[in-house]
Amino acid sequence: MELKPFDSRGHLLEIQNLRTQFATRRGLLPAVDGVSLAIEPGQTLAVVGESGSGKSVTALSILRLFNRGDRVKMSGRILWKQTDGEQIDLASIDEAGLRQVRGGEIAVIFQDPGASLNPVFTVGSQIREALRRHRPAEDEEATAVALLRDVGIADPQRRIHAYPHQLSGGMRQRVMIAIALACRPRLLIADEPTTALDVTIQAQIMRLLSELKSRHQMALLFITHDLGLVAEIADQVAVMYAGQVVEAGPVAQVLREPRHPYTRALLDCRPSRLYSDTGPDERRLHPIPGVPPRPGTITTGCRFATRCAHQQAICRAGTIELETAPDQARQVRCLRWSSIP
């Protein structure tokens with residue numbers, strides 16, 4: 001079946017049939033292949049999947065944040081609703097128009113703040129640069145201090161004079177969040193923002209993101225491989241595999257009753273501990289057999305078929321489209337999702 005376009009009336013951001021390919025010596029390699037997503041104002045959408053699934057490239061494609069040397073071919077539409085209600089297509093506007101949105105209306109936090117912050121400039125100067133670009137009328141010094149205080153950094157008046165190497169990993173991530181919030185974005189893209197942090201700091205950053213999202217009434221696109229974090233923060237979730245969305249819907253439904261075999265396999269991979277009357281009982285992990293396909297190597301059928309315990313001959317032929325479940329709440333890219341026990 002053909003994927004129906006989203007009803008964009010209530011959507012802040014709507015991605016329609018996005019394809020992102022990288023030019024290599026072996027030809028064009030598809031990192032994202034036909035992805036469609038939508039985020040409503042104030043909503044949190046989590047995009048989850050293992051490394052190489054295309055989730056980060058999907059996020060980077062929204063604002064075309066690729067490395068300067070990358071040769072990228074994009075198609076599809078990325079519709080952004082402006083404050084006046086009009087939509088613009090971020091996939092087709094020129095670089096000057098995109099700069100007005102990038103960092104201002106849409107901000108990004110990356111997983112490695114050490115690589116994102118400039119080591120030769122103080123924290124305060126980097127916040128002031130963001131303000132100068134998008135909010136030039138602000139009192140830069142006072143606003144920078146207020147932003148650091150807003151993200152939970154103690155003694156912000158002193159910390160604005162610190163260099164990134166003088167801060168811990170958790171504090172550097174808080175600085176990145178402060179820079180992202182400097183321009184009062186309506187959408188914050190967080191690309192695995194807690195990956196490099198220990199569990200305690202990770203929990204603090206997640207609570208901070210939830211509080212700031214509510215306080216500033218912004219939408220959040222949260223990229224992660226951790227289903228535990230998805231359950232904590234998201235309203236909707238999209239599960240990606242080999243460049244495609246294989247299941248999408250409300251978090252509670254998808255995590256409680258997964259329909260796609262890959263979503264089920266991801267949930268079975270999570271470490272957990274059961275307790276009995278005699279004490280803790282370690283549950284055996286169930287790793288997913290095999291490895292994900294290399295981009296462009298599977299052109300027909302289900303891309304998860306080579307690793308799926310439920311695959312049949314029909315799974316390897318034709319095109320597998322996202323199918324809307326009868327409850328209309330979620331979509332699944334599987335021919336047999338309704339018959340798998």
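The side chains of Glu257 and Arg259 come together in a salt bridge, at 3.7 Å from N to O; the term covers a side-chain nitrogen of Lys or Arg within 4 Å of a carboxyl oxygen of Asp or Glu. This is a predicted model, in which local features need pLDDT of at least 70 and side-chain atom pairs count only at pLDDT 80 or more, while totals for chains, interfaces and linings use all residues. Residues are numbered from 1 along each chain as its sequence is written, and side-chain values use heavy atoms, with hydrogens and water left out.

Glu257 is partly exposed at 41% relative accessible area, and Arg259 is partly exposed at 24% (buried means under 20%, exposed over 50%, partly exposed in between, with a 1.4 Å probe and protein chains only). Shared partners also tie Arg19, Asp33 and Arg303 into one salt-bridge network. By this rule, the count comes to 14 salt bridges.

Another of these pairs is Glu50 with Arg307, whose closest N and O atoms are 3.3 Å apart. This pair links distant parts of the chain, 257 residues apart. Glu50 is partly exposed at 21% relative accessibility, whereas Arg307 is buried at 8%.

Then there's Glu247, which forms a salt bridge with Arg330, the closest N and O atoms being 2.8 Å apart.

Key:
Helices (H or I, at least four residues) and strands (E, at least two) are DSSP runs, numbered from the N terminus.
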